[in-house]
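Subject: Structure for your review

Dear colleague,

Please find below the sequence and structure that I am handing over to you. My findings follow directly after them.

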Amino acid sequence: MKYNGMGIEEIHKLLKEKKIKPIDLVEEAFKSIEESGLNAYITLNKEEAIKQAKELENKEVDNILFGLPIAVKDNIVTKGLKTTCASHILDNFIPIYNATIVEKIKEKNMIIIGKTNMDEFAMGSSSRTSYFGAPRNPWNKEKICGGSSGGSAATIANRDVLFALGSDTGGSIRQPASYTGIVGMKPTYGRISRYGLVAFASSLDQIGPMTKNVYENAVLLNAITGKDHKDLTSVETNEDFTRMIGEDIKGMKIAVPNFFMSEIVSDEIRNKVKETIKVLESCGAKVDYVDIKYIENAVTLYQIIAMGEASSNLARFDGLRYGHSIEEPKDINDLYYSTRAEGFGDEVKRRIMVGSYLLSGENAKTYYNKALSIRDDIRKEFKNVFKKYDFVIGPTTTTTAYNLDDPMDDPSKSFMDDILVIPVNMAGLPGLNMPIGFDKDHMPIGMQIIGNSFEEAKIYKLASYLEKKLDLNLIPGGEK
Amino acid sequence: MNYIPTIGVEVHLELKTKTKIFSNSTNGYGEMANSLTNVVDLGYPGTLPTLNEEVINIGIKAATILNCKIRKQMHFDRKNYFYPDNPKNYQITQARTPIGYDGYVEIEVNGEKKKVEIEEMHIEEDTCKSAHRGNKTLLDFNRAGVPLLEIVTKPCMSSPEEAKAYLEKLRELMLYGNISDCKIEEGSMRADTNVSIRKKESDPFGTKAEVKNIGSISNVGVAIEKEIERQKKIYDNGETFKPQTRRFDDKLQDTVLMRIKETGNDYRYFPEPDIPFVVLTDEMIENVQKDIPMMPDERRKVYVEKGVSEINTNKLVQNRPLSDYFNELLNENTNFKIASNLLLGDISAYLNKKDIQITDTKLTKEKFLDLIKKYEDNTITSKNLKEILDIIMESDKSIDEIMKENGIENITDDSEIREVIKTIIKNNPDSVNDYKNGHDRAIKFLMGQVMKETKGKANPKLANDILVEELK
């Protein structure tokens, strides 16, 4: 029996009663990671994690997260622990400060196991743009585990650790969660401080928890939210996200956008979602199909906004102050050109170039400003829907995880993988992926639940109700 | 051929805040290189800007002083360009919603008043300071993130004198408003100027040359003069030139080409997503405005109205601490002329000698009012004042006490002096006769007697008046 596959309350009890020690969890995690061959991590924090686990032996088990291992996506800075963003340009970068969220998990005495693999600078949907090679899907190692938080998704699906942090700019938590059969939440924009999250698209980026079940997801969210004076876009929150778990869902009103159930989604997934809708209806929820204007344009808006912002955010990687830098540059321009040419991968370069173009001269008005204004319209559309409905639901992805060796020659493919999750980022809303079944090859199918702003607790209520109802076996390869 | 010059001026001011604009690093000058920096100033991955409210308040203040309209909802923008002194390779500035716009500054050149129009003023962050050593460039990040106010005039000036007068006036206003210490030599005030010439008012503006890096206000005048000459020569030869950026060379006392401006310099501006929109309420604006001190022009007007001479008025306004001190008296019923004479005379001499400010002394407002009164009615003579000024300035004691301790006890009691005088007149009939026969010298003798009798304590003016009266 793997401890890290147990429920959090069970483990907490064992820790509290001193039947196990944090070091047992840590050692088990490293063993599991090493045996898995998933390439889920870029850097393991072995020495420090073991040291910390031993130190915790003399401390009181004072909170439910005490002594539990956590994996951190490698675009969240960790003091003294390499933070690469899966890029050559930062492959030796050791930060001198902690992200606010890292401080928060340290306060709870959680133990960072390592830094998880991802798409380079979170740009991609299969984690295959990683400088360190793609992570593999525990359900089938020949398949992708999605992205960009692919490593975090893989390590949770494999039950290496209980908790992982991901980041979601255009679906990067929910989509890999869907491909790997886990629970991933992108909270409302502003819920969690972005201070220390290496920026991709600042107006969209949001950190979120990735876990094997709904309850643990809510527990982790409890520990990591709140206003941070270092992030002006963060908001004050003071609530228990588990508080509605266990409540009945009778009478809840659910909207399903027609776009989410259109031809773009595979038959298998559509049918599974329809089955799930029937379950919900049988439990007393009321489900309507609705039209939400502009959501079919969300990908285009996303490309403009995210790439525009990324082109500016990534300008700081110039070889001058940190990160990769070429030897003996001829002059300052050579330092810039050569460092960035060597340091960035193709997808990152492509997005920087497209983003720079989109912000150039008149284009800023034609594209970027226009996109911002349509983004406002999407927000308003969702707002209207939430006047009448408690949730918007639909499939998380159009297909299940595809093969690692599928061609990568179509740059727009990766955006299409995220076509159903991107509208949520555009509207700044909270969205959660939960597994609802499997395809014919026994690859997980995910459903996303979208809530109104700051209604994460309500999302957890529906998700946990459904989770219990479906009672799926979500351990890859069966019982471990 | 005669040409009309068109001149615009852009000024960058470093603001006197405690901390930087987007981080909590100390805002300081002259410290060890890179000692006033943190991860935000260095543009470290993952860091985010915060916003120093003090900067917004100073912005409101400066906008008010420059008669600008204030933008109530504003945001910041990113100006994207690669340069070693630009840590994030974008500068956070206000491109689209400057905090102030449509203002003016009133100047006077050759007795003629003119309003120099302010196009806009915006808040932004300063860059690093670069130092070139051989083929190396050293970067000091202490300056990175220091708050700046950029103030841009319309192309509305037509002579070097106007530009200089504008800069002098702007400097005076910004010093008075405590916006910046405006030290050009330390770079806390930096001026760039745009110069073009054309044949007549109805012609379109000529090709523009921007001159940067001018180290003093008088050199701004020189730079503009040289630039006008240079452009004239080109046009007179039937030639043209491209829009360009030039710098002022201090040694040459002339402008030197830096670079030809490329068309469509593209900074890829877009709204800074890390800083939410800033909304200014009327209350916030009023709170700042109520603390704005009286500006120099108003002071000049009020002082003259209170009877202060023009010379003293100008001297006072040029001495901010004394002027502030003087302003404290404005609601009192006192002799402002004497007040200004005292402040600019013996008191200034004392302050200069000790190298201190008036606020460092023990001369409270009440004590000063008492001194003015005693000086006015001759209880204290200027001779007395010289004797006891140091004590007045340094002691907590009242002027009466100080006078007593130093034996300065001028008899100002009418009847007491009159008694003494009557006796003296009675005892010196010869002198009285001399006086009545027109020998003016006799009165000096009689006065001498009065002083002798009162041991020099009689108020001389008063004694003289009474004596003349009694002799009638």
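Please bear in mind throughout that this is a predicted model. In chain B, nine strands form an open sheet in the order β2-β6-β7-β10-β1-β11-β12-β13-β14, and their pairing is mixed. Its edges are formed by β2 (69–70) and β14 (254–260) of chain B, each of which pairs on one side only. Helix α2 (residues 160–176) of chain B packs on this sheet, where it touches β1 (4–14), β6 (100–109), β7 (112–125), β10 (147–153) and β11 of chain B. The direction of α2(B) makes about 115° with that of β6(B).

One pairing within the sheet may be followed at residue level. Strand β11 (residues 189–198) of chain B runs antiparallel to strand β12 (residues 209–214) of chain B, and four bridges connect the two. At one of the positions concerned, Thr193(B) has Val211(B) in β12(B) as its bridge partner.

Chain B contains 15 helices and 16 strands. Its radius of gyration is 31 Å, whereas the globule rule gives 23 Å for 472 residues; chain B is therefore more spread out than a compact globule. The C-alpha trace of chain B spans about 100 × 60 × 50 Å along its principal axes. Of the 472 residues in chain B, 36% are buried. If one takes the contacts in chain B between residues at least 6 apart in sequence, 69% join residues at least 24 apart.

The domain assignment divides chain B into domain 1 (4–284), domain 2 (294–405) and domain 3 (414–471). The centres of domain 1 and domain 2 of chain B, taken over C-alpha atoms, are separated by 39 Å. Six residues from domain 1 of chain B and four residues from domain 2 of chain B take part in the contact between them. On the side of domain 1 of chain B that touches domain 2 of chain B, α2(B) gives the most, with four residues.

Beyond residues up to four places away in sequence, Ile70(A) touches several residues, including Ile105(A), Met110(A), Ile113(A), Val161(A), Phe163(A) and Leu165(A).

In chain A, helix α7 (residues 214–224) is largely enclosed by the rest of the structure, because eleven of its eleven residues are buried. Among these buried residues are Tyr215(A), Glu216(A), Asn217(A) and Asn222(A). Just after α7(A), Gly226(A) takes a positive phi of about 125°.

- The peptide bond from Gly147(A) to Ser148(A) is cis, with omega near 15°. Ser148(A) is placed in the loop between β3 (111–116) and α5 (150–157) of chain A.
- Ala86(A), a residue other than glycine, has a positive phi, near 55°. Ala86(A) lies in the loop between β2 (69–73) and α4 (100–107) of chain A, and it is buried, with 34 other C-beta atoms within 10 Å.
- Arg268(B), likewise a residue other than glycine, has a positive phi, near 45°. Arg268(B) belongs to the loop between β14 and β15 (270–271) of chain B and counts as buried, with 23 C-beta neighbours inside 10 Å.

Finally, Ala33(B) is found in the loop between β1 and α1 (53–65) of chain B. Ala33(B) is partly exposed, with 15 other C-beta atoms within 10 Å. The C-alpha atoms of Ala33(B) and Leu139(B) are separated by 8.3 Å, although these residues are 106 residues apart along the chain. Leaving aside neighbours within four places in sequence, Ala33(B) is in contact with Asp140(B) and Asn142(B).

With kind regards

Notes: Residues numbered from 1 in each chain as written. Chains lettered and ligands numbered in written order. Predicted model: local features only at pLDDT ≥ 70, side-chain atom pairs only at ≥ 80, totals over all residues. Pairing = 2+ DSSP bridges. Contact = placed C-beta atoms within 7 Å. Axes fitted to C-alpha atoms, helices over the stretch in contact; angles between N-to-C directions. Rg over C-alpha atoms; globule rule 2.2 N^0.38 Å. Buried ≥ 20, exposed ≤ 12 C-beta atoms within 10 Å, placed from the backbone. Domains from an automatic or database assignment.
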